[in-house]
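Me: I would like a close look at one part of this model. Please keep it brisk.

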Amino acid sequence: MSAPALRRLLAYCRPGFEGECAQELAALDARLSGAGYARAARGSGYVEFVSDDAPALAGRWRELVFARQLLAVLGDARDLPPKDRLAVLLPIVEAQDPLHGRRRWCDAWVESPDSDAARELAPLCRGLEAALVAALKQRKLIDRDSRWRLHLCMTATDAAYVAVADRATTAPWPGGIPRLKFPRSAPSRSTLKLEEALLVLLDEGERERWLKPGMRAVDLGASPGGWTWQLVARSLHVTAVDNGPMDAALLASGLVDHLRADGFRYRPPRAVDWLVCDMVEQPRRVAGLMAQWLAEGLCRHAIFNLKLPMKKRHDEVRLCLDLVADALAAKGRRVELRAKQLYHDREEVTVYARVPG
Ligand SMILES: C[S@@+](CC[C@H](N)C(=O)[O-])C[C@H]1O[C@@H](n2cnc3c(N)ncnc32)[C@H](O)[C@@H]1O
């Protein structure tokens, strides 16, 4: 039997990481009443979390590493009639909820989780979305200024969740996945990882303030240059550290110095604005290096990847983040940490760190 609406959350994640996503929802819930529990099937690409604290947890997508999106569930339905699914789903959408009455929606998205099985539902989702938006317009339930966005998550051809997102605190991309186009002149597909990190981990104002032309960056493990490419595209000067070769066109930009050196030993002659690091290494070793740079004031901002072990992946991420925070605390400094498993991340997560002030 389903738990009552507004006690349930729906999180999207990378298939195979449902356990980690459930674990961190439980950890967040533990700081409130702690009585919540998760329902998750491995490989499904989503987690349902049931808790009295669901309304308080719903706005905390940004704090979660493994959740690409976090929605508040209004209801769900099974055995949907193939000829008229909306006949069952619309009454759930239109039901009054005790807190918000009859909501109006800035938009309505019909999505499916990122699993192989659910991805086949994409054509169905597209058709259903067009019909849903038309039905909402007819009922005058679309209001572009509304803070609420409606989500239908199809988990099978005959099963769906109906859920709501607050635009201000949830991912602004269908499925929680920003669709990025590979830049043709970028030397590696890894470039999309840094582009997505800048898009997901920083907001628009932060990108403008913190990534200015003329700033200086170091890229550890830079070859062939996908991450450096993103920084050069924003007119930053980059010291690219890697024994491997760098893309010739990037070097010709005049904005890149290539150093064939060990990224764990290299230190800049003077402090830089940004440190980025994509070296394939043990996550604790990378976190320790980032902590040193930040604690010694060698960089102001850092973005780095933590390649995850096979087991205890949630614990390893927490341990690495704590390691950075503790190193700064030992120097009497605070560090702001934001971490996500991005769409372009596989067995890894991406972290943004900043020492304020
Ligand atoms: C995943 S690749 C980086 C891809 C790069 N970010 C891009 O976008 O093209 C990892 C790189 O780390 C480099 N690397 C690994 N250990 C290193 C070390 N100790 N010092 C410098 N580079 C290292 C490897 O040579 C490799 O080129």
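Which residues line the largest cavity?

Reply: First, the ground rules. This is a predicted model, in which local features need pLDDT of at least 70 and side-chain atom pairs count only at pLDDT 80 or more, while totals for chains, interfaces and linings use all residues. Residues are numbered from 1 along each chain as its sequence is written, and side-chain values use heavy atoms, with hydrogens and water left out.

Now the cavity. The lining consists of W61, R68, A171, W173, G176, P178, E196, V200, K340, Q341, L342 and Y343. A cavity here is a set of points, on a 1 Å grid over the protein atoms alone, where a 1.4 Å probe fits but cannot get out; lining residues have an atom within 4 Å of a point. The structure holds one cavity of 30 Å³ or more. The volume of the largest cavity is about 70 Å³. That volume is the space filled by probe spheres set on the points, with grid points joined across faces, edges and corners.

By type, the lining has seven nonpolar, two polar and three charged residues. Ala, Val, Leu, Ile, Met, Phe, Trp, Tyr, Cys and Pro count as nonpolar, Asp, Glu, Lys and Arg as charged, and the others, Gly among them, as polar.

The place comes next. Domain 1 (5–176) and domain 2 (190–354) both contribute to the lining, so the largest cavity lies between them. The domain bounds come from an automatic or database domain assignment.

Buried means under 20% relative accessible area (1.4 Å probe, protein chains only). Helices are DSSP runs of H or I, at least four residues, and strands are runs of E, at least two, numbered from the N terminus.

A163 belongs to strand β7 (159–166), where A159, Y161, A163 and A165 are buried on one side. H151 stands opposite A163 in β7.

Key: 1 Å grid on protein atoms, 1.4 Å probe; cavity = no way out; pocket = protein on both sides within 12 Å on 5 of 7 lines; lining within 4 Å. Buried < 20%, exposed > 50% of the residue type's maximum accessible area, 1.4 Å probe, protein only. Pairing = 2+ DSSP bridges.
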